[in-house]
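Q: Could you show me how to read burial, helix length and contacts from a model, one step at a time?
A: Gladly, let us look at it together.

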Amino acid sequence: MIILSDKIKYISTLVSGTALSQLISIISTFILARIYTPESFGVFGSALAICTIMSVMIGLKYELTVIFPKTERVASLASALSVLVVLFLSLAAFLLLTFVSYLHLINLDFPVITYITITALLAFEQISMNWLVRTKSFKIIAYIAILKTTSIAVLQILLSDMTIGLWYGYLLGNLIASFFYLLFTFRSLVSGIHAISLNRISYFLTRNKKFPKYSLPAGALNSFGNQIPILLIRSLFGEQYAGYFLLIRKLILAPVILISTNINKVLSQDVTKRIAQNKLYLKSVLYYIRLSAILSLITFTFIVIFLYNNGIAIIMGENWNEAVALAYILLPFAIFSFIARSVSRFAIYGKNEWGLYYQCIFAIMSTLSIYLCSLITSDLKLVMSCYSLIMSLIYITQIFMVINVAKNHYNKFV
């Protein structure tokens, strides 16, 4: 009971703190929907999708190594090396993207430097987040989440000049948040930089070779699978429908960001500690799955009530009437995503390759469910229904994979 009460305490700390962050995000979304057009959201969303995918790749997933070390000295070294990797690959990405853009091989909606800056900031946030999770600084995580969401919302409203305001408001808001992440992780980074040597770098790369080998492609595929829908929708159906998808997905996945990702942070810390102490973690995994299932049912009941009363159209305006149907269609996808993302980090179970296999399937099915269906019909609702059904099945598969990993670990000790 003591262990479970600690888990509830950590989760409630994160959820209560980030609840305000999500509330601000939702309220600002309603306001922004009346300021910006669906087309503006479509352009912004597709540009952000590119940055999100790149942010996973330029860190090589070394940010995960910050959680595992038993000593603070080694963890500090891991965080410092992770930051250096991000800086080096951000420069390489800038040169590559500039070259590709110069040859007109891709058409970017905004300057290259803004893409790279946002990408680097998102990658740095993950490194800092893992350090704060390691040190159980959950209140700080919650406070910075509130600051980040508030900054982005206020700046996007103040810079309300079509797509430019959404993009540059997001950029400046992330800069503010990253400053505070740096403030709370500065000592660890300085300590890690002082500890850097060729021997330690070699040891670090050798010991953590699984992360770029398995976790990097798995993370990149996961990001690709999550972001490819808006890119495909914009390409196949236009910016307006991409805007619908972006905003509706943001609203119905708000509980996932609010609750599931915070459950996952606490689970990661709990399971990592148990593995280091050679303890079983099957009961913890099952506990978190049951908890997230109950919370998902409660949460999405309120969302259905909101949709039934035509809440989106009333609050956001007539421009978004067509988006209401998408919300109903994507509800199953959101519910199973809620549960799966609570326990989804295969890396903490030492099963990096399992994560890679799953993410391959996830990315392929996310792409094909939209693209192949669009070849059959030009009705976006039917295409999204196919996407929601297939992705729900994929998330259910992930849940059973996690349970199976935990059971195999349990059987080794019993």
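Q: Which residues of H9 are buried?
A: Buried means under 20% relative accessible area. In this predicted model, the buried residues of H9 are Ala242, Gly243, Tyr244, Phe245, Leu246, Leu247, Ile248, Arg249, Leu251 and Ile252. That is 10 of the 14 residues, so H9 is largely enclosed by the rest of the structure.

Q: Where is Leu253 found, and does it count as buried or exposed?
A: Leu253 is in the loop between helix H9 (239–252) and helix H10 (254–276). Its relative accessibility is 8%, so Leu253 counts as buried.

Q: What is Leu253 in contact with, leaving aside neighbours within four places in sequence?
A: Contact means heavy atoms within 4.5 Å. On that basis Leu253 is in contact with Phe333, Ala334 and Ser337. Ile335 is 82 residues from Leu253 in sequence, yet their C-alpha atoms are 8.7 Å apart in space.

Q: Let me try Ser374: which helix does it lie in, and is it buried or exposed?
A: Ser374 lies in helix H14, residues 352–376. With 16% relative accessibility, Ser374 counts as buried because the cut-off is under 20%. Not counting residues up to four places away in sequence, Ser374 touches Leu236, Phe237 and Val383.

Definitions and conventions: Residues numbered from 1 in each chain as written. Predicted model: local features only at pLDDT ≥ 70, side-chain atom pairs only at ≥ 80, totals over all residues. Heavy atoms only, no water. Helix = DSSP H or I, 4+ residues; strand = E, 2+ residues; numbered from the N terminus. Buried < 20%, exposed > 50% of the residue type's maximum accessible area, 1.4 Å probe, protein only.
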